[in-house]
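These are my notebook entries on a structure that I looked up residue by residue. I set down each point in the order in which I came to it.

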Amino acid sequence: MSLNWFRFVSPSVKKPPFHLNYFTSSFGFSSVVVAMSYDKELAAAKKAASLAARLCQKVQKALLQSDVQSKNDRSPVTVADYGSQAVVSFVLQQEFPGEFSLVAEEDSKDLRQDGAQEIVDRITKLVNDSLTSDGSYSVTLSTEDVLKAIDSGKSEGGSEGRHWVLDPIDGTKGFLRGDQYAIALALLDKGKVVLGVLACPNLPLTSISSADGHSSRHEVGCLFYAEIGGGTYMQPLDCSSTVKVVVMFIIISLRLI
């Protein structure tokens, strides 16, 4: 998955009625043949990505040296990676307990090693704080519950059934620098991408501000989402407003003299 979803976006406050159309993004949407509603799945995906984004914002603000580990390939992994995956996994399992399949990046192997208990405890606290932050869930997960939620992302996917695909932090190095990153989540139905959500915790809300007239110059954190056949939309992480995203490609012709 990639942060390069849009070359240029122009928000519009008008939301068109549901209809069939053609949509292309880095999630791989292609021509739509059959209109099928995934409203429930989209709502769950937005909730999961938003809660994960809040967790990541909190971690980034108080980034500690002990929050960073190294995987075997030496790429950095933070508690936000694990926490984000645990939150998304938990929310989706709560909403769809009978048909849950998640393909994700992380597992709990490193967290079960000697000396990792401090990080596991921190992840557990972050996950519990995030899940209860908006009143959606009244739960207290144990450390083992959190580790199992992380390991729920071991599905191999496939062309049959429905499978969620998650990148808990797309842009780990950007996250560590205090720069841009995203939580990227998509749903595949019989091998085809039918919806996608991209939570961008550090992206300024200036584009939303210009559309609805509200001042959000100093606010950051937004959510892009799309459902097959339904267009693409953007809103703040608190879902206080929604604007339609229009993708425009600008071609500049240069003539050498």
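**Entry 1: V146.** I looked up V146 and found that it counts as buried, at 2% relative accessibility. I note the cut-offs here: buried means under 20% relative accessible area, exposed means over 50%, and partly exposed lies in between, with a 1.4 Å probe and protein chains only. V146 is found in helix α4, residues 143–151. For such labels, helices (H or I, at least four residues) and strands (E, at least two) are DSSP runs, numbered from the N terminus. I then looked up V146 and D121, which are 25 residues apart along the chain, and found their C-alpha atoms separated by 9.7 Å.

**Entry 2: the source.** I record that this is a predicted model, in which local features need pLDDT of at least 70 and side-chain atom pairs count only at pLDDT 80 or more, while totals for chains, interfaces and linings use all residues. Residues are numbered from 1 along each chain as its sequence is written, and side-chain values use heavy atoms, with hydrogens and water left out.

**Entry 3: two helices.** I looked up helix α3, residues 117–131, which has 15 residues and should span 21 Å at 1.5 Å a residue; its end C-alpha atoms are 21 Å apart, which agrees. The expected span is 1.5 Å times one less than the number of residues. Among the buried residues of α3 I list I119, V120, I123, L126 and V127. An α-helix has 3.6 residues a turn, so residues three or four places apart point the same way. Helix α2 has 17 residues and reaches 24 Å from its first C-alpha to its last, close to the 24 Å expected. I noted that α2 is mostly covered, with 14 of its 17 residues buried.

**Entry 4: aromatic rings.** How many aromatic pairs does a search of the whole structure find? The search finds 4. The rings of F175 and Y181 have their centres 4.9 Å apart and their planes at 90°, so this pair is edge-to-face. Rings of Phe, Tyr and Trp (its six-membered ring) pair if their centres lie within 6.5 Å; planes under 30 degrees apart count as stacked, over 60 as edge-to-face and the rest as tilted. Both F175 and Y181 are buried. I also followed F175 to T78: the two are 97 residues apart in sequence and 9.1 Å apart in space, C-alpha to C-alpha. T78 lies in strand β3, residues 76–78, and counts as buried at 1% relative accessibility.

**Entry 5: charges over rings.** I looked for charges over rings, where NZ of Lys or CZ of Arg must be within 6 Å of the ring centre and within 35 degrees of the ring normal. The charged end of K46 sits over the ring of Y225, 4.1 Å from its centre. K244 lies over the face of Y233, at 5.1 Å from the ring centre.

**Entry 6: residues in loops.** Is K190 buried or exposed? K190 is exposed, with a relative accessible area of 61%. It is found in the loop between β6 (182–189) and β7 (192–204). K190 has a positive phi of about 55°, although it is not a glycine. H218 is found in the loop between α6 (206–212) and β8 (220–227), and is exposed, with a relative accessible area of 66%. The C-alpha atoms of H218 and P204 are separated by 7.3 Å, and the two residues are 14 apart along the chain. E99 is found in the loop between α2 (79–95) and β4 (102–103), and is partly exposed, with a relative accessible area of 43%. I found E99 and H163 to be 64 residues apart in sequence and 8.7 Å apart in space, C-alpha to C-alpha.
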